[in-house]
Amino acid sequence: MNTQENKYKSFIKRTTSIVVSVVFSLSLTCTPTSFAFAESRSSDYIVSGTVEERGLGASETPNIFATNAILKTSDGKVLFSRDADAEVKIASLTKIMTATVALENSSLDKQIVVSENAVSTGGSNAGLSAGDTMPLSEALYALMIPSGNDAATAIAESVGKDLANTSDSQSGYDAFVAKMNSRASELGCTHTKFTNPHGLDEDQFSSDSHSSANDLMTIIENAMKIDAFKEAVKNSSYDLSYTNNGEKKTKTLESTDELLDVYDGACGIKTGTTDLAGYCFAGACERDGVMLYSVVLGSSDDSTRFEDTKNLFNWYFNNVVDYKFSNAENDIVAQVSNSAWLDKTIAAKLEDTSASAKVFKYDGNVSQHFTFNNVSGAVKAGDVVGHVDFIQDNKVISAQNVVAAEDCDAPDFLTSLSFGLTRFVHNFTGEANSATTQILNDTPLLIKFN
């Protein structure tokens, strides 16, 4: 198949995905019984507490079908979670750990040999044949893009031989799975057990394998630090190069991730489906300098797992606002006392009156903390008279100097002498010896609680 044909196939697939998505969205609008299952739960966790604890309404939180879910920024902030520690089947999301163990314990040029056992694994596959060989750098694509169970077994057998220091494929396979579990433990996963490298969970693969949305997020965060993994999962299709009986061959792989090339910023990661696990998806989206990772488990069907993921991503991006820090008339954020005078203040503004930051409103409302210098005597416009920190979620999101917006002369000698006598009297009367500094700036609310 030539490159043009491959591009045409990919275009048809993506176009079909868009049509399916639109039809699905219309079905939610037109079929109340279907929509009733998508919900916001009072126990859903939003940044710093549950929906109930934070007094949020259903319209302010993600409405998703998934029974277990988590949304997180790549810098570690949990934005949303639902029953994220529940131990459940995860199907082919298992392959994220398979890729991790292979990449962390072998070189990209390690030769992966496809055995008869690998080909007979069953389920989704990359269409590999016994005797196919390829470097791990290629096998990674066969594993992640079409969710190849054949590739998963071949990688486990080939890399596992080195881990076990053996030539026996089965021993290598077992050593590889053991490494998957020990690596999960090292990462701090406490609700995870792997029994194979592909995620099948019935018949000969029936076992007590499981993980949780929270643990999967930990595994994803680690995997996305590996360049080869991050590069592989962002591809909607890939021309796989391999060798069979000395003959070089290629075949086109198509991703099971239907958000790639369709949803703005989508860049991976992995689908998973079995009867016991339901429809699962681990997603990644990078937009406006922010990387989001998501996990949805137990969605009701193929389309819904992607709709759930988009709803999580949309909820975040739709609630990021451009927050301006100077919110006072004529940008005069304070009247700062000049202690050399009895009753004079100096109009002050932020050094950068146009300063702003993009903030996620469910991180909480912004507060401000002003500190002022002891201003006494002559001041020129632009002189620093104080400092202000703007704070959200207990973190400083902007720090600004406060500067004079006008000139102010110092009192002359006779005026200063007069003020001295007046202050002597004030010591007995209790009256103020200088004007009071006033803060005029507002910090508009981002969110009003019920």
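Helices (H or I, at least four residues) and strands (E, at least two) are DSSP runs, numbered from the N terminus. The model is predicted, so local features need pLDDT of at least 70 and side-chain atom pairs count only at pLDDT 80 or more, while totals for chains, interfaces and linings use all residues. Residues are numbered from 1 along each chain as its sequence is written, and side-chain values use heavy atoms, with hydrogens and water left out.

**Asn319**
- Asn319 sits in the loop that links α11 with β12 (320–324).
- Asn319 counts as buried because its relative accessibility is 11%, buried meaning under 20% relative accessible area (1.4 Å probe, protein chains only).
- The Asn319 side chain reaches the backbone oxygen of Trp315 at 2.7 Å.
- Beyond its neighbours within four places in sequence, Asn319 is in contact (heavy atoms within 4.5 Å) with Val359, Phe360, Lys361 and Tyr362.

**Helix α11**
- Helix α11 comprises 17 residues (302–318) and reaches 24 Å from its first C-alpha to its last, close to the 24 Å expected at 1.5 Å a residue, the expected span being 1.5 Å times one less than the number of residues.
- Of the 17 residues in α11, 13 are buried.

**Helices α7 and α8**
- Helix α7 (residues 149–164) packs against helix α8 (residues 169–186) at an angle of about 90°, their axes (lines fitted to C-alpha atoms over the stretch in contact, with angles from 0 to 180 degrees between N-to-C directions) lying 6 Å apart.
- This makes α7 roughly perpendicular to α8, a term for angles of 65 to 115 degrees.

Definitions and conventions. Buried < 20%, exposed > 50% of the residue type's maximum accessible area, 1.4 Å probe, protein only. Parallel < 35°, antiparallel > 145°, perpendicular 65-115°, else oblique. Polar contact = N/O pair within 3.5 Å; in protein donor to acceptor, adjacent residues only side chain to side chain.
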